[in-house]
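Thanks for coming. Please have a look at it first.

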Amino acid sequence: MRDAITSLIRNYDVAGRYLDRDALDNLKSYFQTGTARVQAAAVINANAAALVKKAGSQLFAELPELIRPGGNAYTTRRYAACLRDMDYYLRYASYALVAGSNDVLDERVLQGLRETYNSLGVPIGPTVIGINILKNLVKEQVAAAGIPFGTWLDEPFDHMTRELSEQNI
Ligand SMILES: CCC1=C(C)/C(=C/C2=NC(=C\c3[nH]c(/C=C4\NC(=O)[C@H](C)[C@H]4CC)c(C)c3CCC(=O)O)/C(CCC(=O)O)=C2C)NC1=O
């Protein structure tokens, strides 16, 4: 598992190059957003249960067929599995925010996920909607806490939805 710094160093080391202007700019922006990333992760941590619950309610209000007979989140077991998955997405997004890298998502969350979902009939489209709802709730909460944020806050969520939506995997 890599973070923003180890990934960058690895790339330069493979090429046998000193850190150039691009590398230094990348590092600078990582360090400049560092405190805010940690603060955002703290906000997520302090509100995780409520965020997941709220995101689930919004998702099922938007797509009530998911929890009706025949829906993939129908039955308490599958309902709970769906919320647990949302909790996974939120927790790993908080790790990726701190790491400044989506590597942890590739390695621990996304690997083989589409295949698992396809074999269990877990619908990808609604999962993507659920992750987007989580993202928006997190942004609201981070903004409410007065933490300055930029597109780095979207990145882990966007990475997961992009990878899940990707065809031919
Ligand atoms: C940390 C990385 C990680 C991830 C991401 C993960 C996902 C994951 N979700 C699963 C199931 C599931 N996932 C869902 C999720 C949903 N159904 C819906 O309709 C909604 C759209 C959605 C919630 C947003 C459901 C309902 C199941 C159970 C499916 C079944 O057993 O029939 C399963 C199958 C095994 C199990 O039930 O535990 C895995 C592996 N497991 C992991 O270890």
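Start with Ala41, which is buried at a relative accessible area of 13%; buried means under 20% relative accessible area, exposed means over 50%, and partly exposed is in between, with a 1.4 Å probe and protein chains only. Before I go on, the conventions: this is a predicted model, where local features need pLDDT of at least 70, side-chain atom pairs count only at pLDDT 80 or more, and totals for chains, interfaces and linings use all residues. Residues are numbered from 1 along each chain as its sequence is written, and side-chain values use heavy atoms, with hydrogens and water left out.

Ala41 sits in helix α3, residues 34–62. Helices here are DSSP runs of H or I of at least four residues, strands are runs of E of at least two, and both are numbered from the N terminus. Not counting residues up to four places away in sequence, Ala41 touches Ser94 and Val98, where contact means heavy atoms within 4.5 Å.

With residues up to four places away in sequence set aside, Ser94 touches Ala41 and Ile44.

The C-alpha trace spans about 60 × 40 × 20 Å along its principal axes. Of the 169 residues, 40% count as buried. Taking contacts between residues at least 6 apart in sequence, 68% join residues at least 24 apart.

Thr75 is in the loop between α3 and α4 and is partly exposed, at 37% relative accessibility. Phi of Thr75 is near 85 degrees, a positive value in a residue other than glycine. As background, most residues other than glycine have a negative phi.

On to α5, residues 103–110. Which residues of α5 are buried? They are Asp103, Val104, Leu105, Val109 and Leu110. The cover over these buried residues includes α4, α6 and α8. Just after α5, Gly112 takes a positive phi of about 75 degrees.

In α8 itself, residues 155–165, I picked out Thr161. Thr161 is buried, with a relative accessible area of 9%. Leaving aside neighbours within four places in sequence, Thr161 is in contact with Val128, Ile131 and Asn132.

Now the pockets. The search runs on a 1 Å grid over the protein atoms alone: a cavity is a set of points where a 1.4 Å probe fits but cannot get out, a pocket is an open set with protein on both sides within 12 Å along at least five of seven lines, and lining residues have an atom within 4 Å of a point. Grid points are joined across faces, edges and corners, and a volume is the space filled by probe spheres set on the points.

The largest pocket has a volume of about 490 Å³. It is lined by 24 residues, and Ala81, Arg84, Asp85, Tyr117 and Val122 lie nearest its centre. The elements giving two or more residues to that lining are α4, α5, α6 and α7, and α4 gives the largest share, 10 residues. The lining divides into 16 nonpolar, three polar and five charged residues. Here Ala, Val, Leu, Ile, Met, Phe, Trp, Tyr, Cys and Pro count as nonpolar, Asp, Glu, Lys and Arg as charged, and the others, Gly among them, as polar.

The second largest pocket has a volume of about 220 Å³. Of the 13 residues that line it, Ala4, Asn26, Tyr30, Arg37 and Gly100 are closest to its centre. The lining of this second largest pocket has five nonpolar, six polar and two charged residues.

Last, the ligand. It is surrounded by 24 residues, the closest being Asn72, Arg77, Cys82, Arg84 and Asp85; a residue is near if one of its heavy atoms lies within 4 Å. An oxygen atom of the ligand is 2.7 Å from a side-chain N or O atom of Arg84, and for Arg77 the ligand oxygen distance is 3.1 Å. On the nitrogen side, a polar side-chain atom of Asp85 lies 2.7 Å from a nitrogen atom of the ligand. A polar contact is a pair of N or O atoms within 3.5 Å; within protein, one must be able to donate a hydrogen and the other to accept it, and residues adjacent in sequence count only if both atoms are side-chain atoms.
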